[in-house]
Amino acid sequence: MNRCLVTGAAGFIGSHLCDALLRAGYPTVGVDCFTDYYDPIRKRANLEPARSRGLRVVEADLATASLDALVADAEVVFHLAGQPGVRTSWGGFELYTTRNLVATQRLLEACTHGGVGRFVFASSSSVYGGTAEGSLPETAPRSPISPYGLTKAACEDLIDVYRRGRGLSAVSLRYFTVYGPRQRPEMAFAQFIDRIAEGVPITVFGDGHQRRDFTYVGDAVAATIAAAEHGERPSYNVSGGETATLLEAITEIERAVGRTATVRFAEAARGDARHTRADLTAAVADLGYRPTMGLADGIAQQVGYSLRGGLGRMAA
C-alpha cells in the first residue's frame with residue numbers, strides 16, 4: 001500500500017488514521033473542508049502531529065470541488081469525510097444528503113476515472129438500527145432508525161453499485177461507538193469527561209442501561225488499515241469486542257477523573273439504538289483484527305488527554 005488519500009483528515013478518526021499511515025511510512029494526503037460542526041480550530045490542531053510528519057493537507061469540499069486531480073496519484077482512498085450526528089440528523093436533512101451521499105458519489109466517480117486501486121469507506125453501526133441483545137453479523141438486516149444511519153446505508157449501496165458496475169475494489173467498515181483522544185466535543189464521553197471534571201451535572205438520555213460495543217480509536221484505525229490491505233468482503237464490523245452499559249462507562253470515567261458524577265436523566269433520544277454488539281468473526285478471519293484496548297484503559301487514555309488540555313484547547 002502506498003500513496004494514501006484520507007478524506008475527513010482533520011476529524012476524530014481521520015486524524016488518527018493520518019498519524020498511523022505516516023508512522024508506517026505511507027505518503028499521505030489529507031483532505032478536509034473544516035466545517036463548523038464543531039470548532040475548526042480544534043480540527044486544525046488535530047492535524048498538527050501528522051503535519052509534523054509530512055502530511056500534505058488540501059482544503060476542499062467533496063460536494064463541489066474538482067476531484068479528479070485530487071485522487072490522481074492515490075493508490076488507496078480512505079473516505080472518512082461526512083456529516084456526523086445521529087440526533088442532529090433529524091433536522092436539515094439536505095446537509096446530510098449533500099455531505100454524505102452527494103460527496104461520496106462524486107468521490108466514487110473520480111476514483112473510477114482515476115484508476116484508484118482501493119476505496120475504504122467509514123460506515124457506521126447505525127445502519128443496523130435499533131437492535132436487541134445478541135451480536136450482529138454483517139449479513140444482519142440493515143434497518144436504520146435515524147436519517148444519519150439512512151445516509152450511511154445509502155452510501156454503502158452506492159459503493160456496491162460502483163463495485164459491481166465499475167469494478168471498483170471497495171470495502172465499508174461499520175464502526176461501533178468509537179471513543180478516545182480527539183473525540184468530537186458533542187459526543188457522550190467527551191461531554192461527560194469535561195463536565196465531571198468541572199463538577200457540572202451530566203445528562204444521560206434514557207435510563208443509562210443501554211448497552212454499547214465501545215471501540216477505542218486506535219483499534220478502529222488498525223482495522224481500517226487492515227481492511228485496505230486484506231479486506232475481501234463488502235463490509236466489516238469494527239468494534240471493541242466487549243460491551244458495557246452507559247452507566248458502567250460513566251463509572252470508569254469517574255474513576256479516571258477522580259470525581260463522582262451528578263447524573264440527570266432525560267427522555268431517550270430519537271435514533272439512538274438500545275443495544276449494539278458486533279459479531280467480529282469476519283474481521284478476525286480476513287483482517288486479523290483483534291482489539292487490544294479495553295474500556296477502562298481506553299477511557300483512561302481519553303481522560304488523560306482531555307485533562308491535559310487536548311490539542312484543540314491548546315490551539316484555542
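In the predicted model, the side chains of Arg142 and Asp157 meet in a salt bridge, with an N to O distance of 2.8 Å. A salt bridge is defined here as a side-chain nitrogen of Lys or Arg within 4 Å of a carboxyl oxygen of Asp or Glu. This pair links distant parts of the chain, 15 residues apart: Arg142 lies in the loop between β5 (118-124) and α6 (147-166), and Asp157 lies in helix α6. Helices (H or I, at least four residues) and strands (E, at least two) are DSSP runs, numbered from the N terminus. Arg142 has a relative accessibility of 32% and counts as partly exposed; Asp157, at 38%, is also partly exposed. These terms refer to relative accessible area, where buried means under 20%, exposed means over 50%, and partly exposed lies in between (1.4 Å probe, protein chains only). Arg142 and Asp157 also belong to a network of salt bridges that links them with Glu156 and Arg174.

The structure holds 16 salt bridges. Side chains of opposite charge can pair when their charged atoms come close. One of these bridges joins Glu186 to Arg184, and the closest N and O atoms are 2.8 Å apart. Glu186 is partly exposed, with a relative accessible area of 29%, whereas Arg184 is buried at 16%. Another salt bridge is formed by the side chains of Glu252 and Arg255, with an N to O distance of 2.8 Å. Glu252 and Arg255 are separated by about one helical turn, because they are three residues apart in helix α9 (residues 246-257). Within this pair, Glu252 is partly exposed at 21% relative accessible area, and Arg255 is exposed at 55% relative accessibility.

The backbone was also examined for positive phi values. Most residues other than glycine have a negative phi. Arg3, by contrast, has a positive phi near 50°. Arg3 is placed in the segment before β1 (4-7) and is partly exposed, with a relative accessibility of 39%. Arg182 likewise has a positive phi, near 75°. Arg182 is found in the loop between β7 (178-179) and α7 (188-198), where this residue is buried, with a relative accessible area of 11%.

Because the model is predicted, local features need pLDDT of at least 70 and side-chain atom pairs count only at pLDDT 80 or more, while totals for chains, interfaces and linings use all residues. Residues are numbered from 1 along each chain as its sequence is written, and side-chain values use heavy atoms, with hydrogens and water left out.
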